Amino acid sequence: GKSVDDMRGLSAALSDVLTEDSVDSRCMTVAEAAGKWLMEQNDKTDHSIKTGLGALDRRCSIRPGQMVVVGGRPSAGKTALGLQMALQFAKDGKKVCFFSYETDQVGLFDKLISCFALIPMEEIVFKRRAPQDEEYAKACATISSLPLWLINAGGQNVAWVSSTAAAKQADVIIVDYLQLIPGRGNSRYEVVTNISMQLHTLAQTTGRLVVALAQINRGGVDAPKVQDLKESGQIEQDADAIILLSGDNPDKYLFRLSKNKEGEIGDLPITFNKQIQRFQEYTWMD
């Protein structure tokens, strides 16, 4: 007896309920916590998830169950970094779901091929090589074998992201980008705040790594700060680590670890080669 619009509304309401913060009823005495701590101390296995960027991996231990935010102004390379991380995670055997809210799968694959095979984007976008090109063939074959899903998530909320990732048994969720995810709220601030909290809860309750790409405010020529994350201060609070990107300075690309619960923060010797959609380390120059 319901219309299609009614059912959509009910589905959205149910999704919101399923992703609301819930109180974890599990309790642990301090003695039990000490026992668990001792077990973890004796486990010398490195459980961190590597990005392939040594300067970042040495400074920041990214682990399952965390939320990492990559912020930047438009065209700063957020999507490229998210895809490069996705490639590295998948090459290391992690199952990765890349949820895109603004680029279709073919557009994403352009960037993947460029980053993986180091082929300039211009050659790909303007089709200056034949599809049978040997480099294309090798890159396509390798990428196609990876446990990586490119998902058009337009119009879908966090509950849908969570259920889709669960269906794929994903280890890593990457969303591009946070402010485009639909959510509840009486203002944009409330909507983005709720989305950030839901993504944080998703990471904590499922043990999946969540990498959330996020826009930062356009204004000014100064280097971006965590306070510039667009439309909600909750993002800064929820993130275990925040990476800020900026190509506004023509003399130096900015790759800044601005929040790091596990260690130090600061600028890292990493730059963005836009031509091949790849982030690369470099040697500090005095």
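Guide: Happy to. Helix α4 (residues 78-91) gives the largest share of the lining of the largest pocket, three residues. Helices here are DSSP runs (H or I, at least four residues), strands are E runs of at least two, and both are numbered from the N terminus. Please keep in mind that this is a predicted model, where local features need pLDDT of at least 70, side-chain atom pairs count only at pLDDT 80 or more, and totals for chains, interfaces and linings use all residues. Residues are numbered from 1 along each chain as its sequence is written, and side-chain values use heavy atoms, with hydrogens and water left out.

The largest pocket has a volume of about 280 Å³. Of its 13 lining residues, S75, G77, K78, T79 and K111 are the closest to the centre. On a 1 Å grid over the protein atoms alone, a pocket is an open set of points with protein on both sides within 12 Å along at least five of seven lines, and lining residues have an atom within 4 Å of a point. Points are joined across faces, edges and corners, and the volume is the space filled by probe spheres set on them; the probe is 1.4 Å. The lining has three nonpolar, five polar and five charged residues (Ala, Val, Leu, Ile, Met, Phe, Trp, Tyr, Cys and Pro are nonpolar; Asp, Glu, Lys and Arg charged; the others, Gly among them, polar).

S75 sits in the loop between β1 (67-72) and α4, and has a positive phi of about 70° although it is not a glycine.

T79 and K111 also belong to a helix contact: T79, L83, Q84, L87 and K91 in α4 meet L108, K111, L112, C115 and F116 in α5, contact meaning heavy atoms within 4.5 Å. Six of these residues are nonpolar, two polar and two charged. The α4 axis and that of helix α5 (residues 105-117) are 10 Å apart, at an angle of about 65°; axes are lines fitted to C-alpha atoms over the stretch in contact, with angles from 0 to 180 degrees between N-to-C directions. α4 and α5 are therefore roughly perpendicular (65 to 115 degrees).

The contact of α5 with α7 has nine nonpolar, one polar and one charged residues.

Key
Parallel < 35°, antiparallel > 145°, perpendicular 65-115°, else oblique.
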